[in-house]
Amino acid sequence: MSHLELIHLHKSFGHSVAVQDFNLSVQPGEFVSFLGPSGCGKTTTLRMIAGFELPTSGVITLDGRDLTYTPPNKRNVGMVFQSYALFPNMTVAQNVGYGLKIAGKPKAEIAARVQQMLALIQMEKFAARYPYQLSGGQQQRVALARALAIRPQVLLLDEPLSALDAKIRLELRQEIRRIQRQLGITTIYVTHDQEEALSLSDRIVVMSQGKIEQVGTPTEIYNEPATEFVAQFVGHINLLPVEILSPAEGLVRLGNQVLRAGRFGHLNGKAVRLAVRPEELNPGRVDGLNNLSGRVESVTYLGSIVRIRLEVEGHLLALDMFNERRLKLPRSGEPLDVHFPVEACWLL
């Protein structure tokens, strides 16, 4: 039996539909991310799990117990908010122990649990400080410890890193995953940041306009996107309009150049697009592989990556290369051939 079950969840606000027919089974100890743009319904779904929003229809169960209309304080879930939501008049230790105090736990038990949580987030020396004396990353660690102190069955995180700068975000991301694995706690994580979702998750739920587009492992989501939305939202991708030559063989034509797709479904004669990631492309021509001829439109430095944009048959194509010191780059306007494996591209 699954640990957490979301069955046909639907949420409307008046005539506006926020979440529709959402179905998901989460296993014990699994880290699942809800990924999608603003307004796609991911936070609304999280708030329904927490009990802060009631579904218009559908069922939520935890270990077989129906939680659909159970009050938030009776669900045994921990919540970490984007805004930290720490009590400014309480010390770090008091914030961490607040949920236990409300639950009526003995003082000795609270003190021991608070010490354990502060050790877990490596902030024992900050127990007597107040939130205003902490950095943003430290405050979010305290919020995480407070959510975990009550020993929840499920941990919910609503874009907890979006207010932090890039370096702190990366450090805390690694810290969250370390703590989650150490405790083995089932975790639902909401984010619009694809890198966060790919690096943290056991599985990712990609959402758009209140619906699930795809559920899969990070590798499946990135390498085998089920829809054009997933292909475009997760990572960078080239989408080239092509004409079908042979549906059985996956042969297509881009202008005067013939290509073969490694993956293709039922091709019904409608317009299709060939999808290939920029990192799959390499300069030069190789017999037996897909080859394209174009002209360099621009060369852009992106730190460890250099992105070359080509004009191919009236369409732009991006090629990513690792930035090495001895790397020789083409100039804008120069002709350039590129090649890529058949299995690296697919039809949408």
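1. At a relative accessibility of 31%, Asp202 counts as partly exposed, a class lying between buried (under 20% relative accessible area) and exposed (over 50%), with a 1.4 Å probe and protein chains only. Its salt-bridge partner is Arg177, with N to O at 2.9 Å; a salt bridge here is a side-chain nitrogen of Lys or Arg within 4 Å of a carboxyl oxygen of Asp or Glu. The pair links distant parts of the chain, 25 residues apart: Asp202 sits in the loop between helix H7 (194–200) and S9, and Arg177 in helix H6 (residues 166–183). Helices (H or I, at least four residues) and strands (E, at least two) are DSSP runs, numbered from the N terminus. Arg177 is buried, at a relative accessible area of 8%.

2. The model is predicted, and local features need pLDDT of at least 70, side-chain atom pairs count only at pLDDT 80 or more, while totals for chains, interfaces and linings use all residues. Residues are numbered from 1 along each chain as its sequence is written, and side-chain values use heavy atoms, with hydrogens and water left out.

3. A salt bridge joins the side chains of Glu30 and Arg203, with N to O at 2.5 Å. Glu30 is buried, with a relative accessible area of 10%, whereas Arg203 is partly exposed at 21% relative accessibility.

4. Glu228 and Arg273 form a further salt bridge, their closest N and O atoms being 1.9 Å apart. Distant parts of the chain are linked here too: Glu228 belongs to helix H9 (residues 228–233) and Arg273 to strand S14 (residues 272–276), 45 residues apart. Glu228 is partly exposed, at 27% relative accessibility, and Arg273 is likewise partly exposed, at 27%. Salt bridges with shared partners join Lys11, Arg47 and Glu53 into one network.

5. How many salt bridges does the rule give? The count comes to eleven. Side chains of opposite charge can pair when their charged atoms come close.

6. On the cysteines, the structure holds zero disulfides, a disulfide being a pair of cysteine sulfur atoms within 2.5 Å. Cys40 counts as buried, at 1% relative accessibility. Cys345 is buried as well, with a relative accessible area of 0%.
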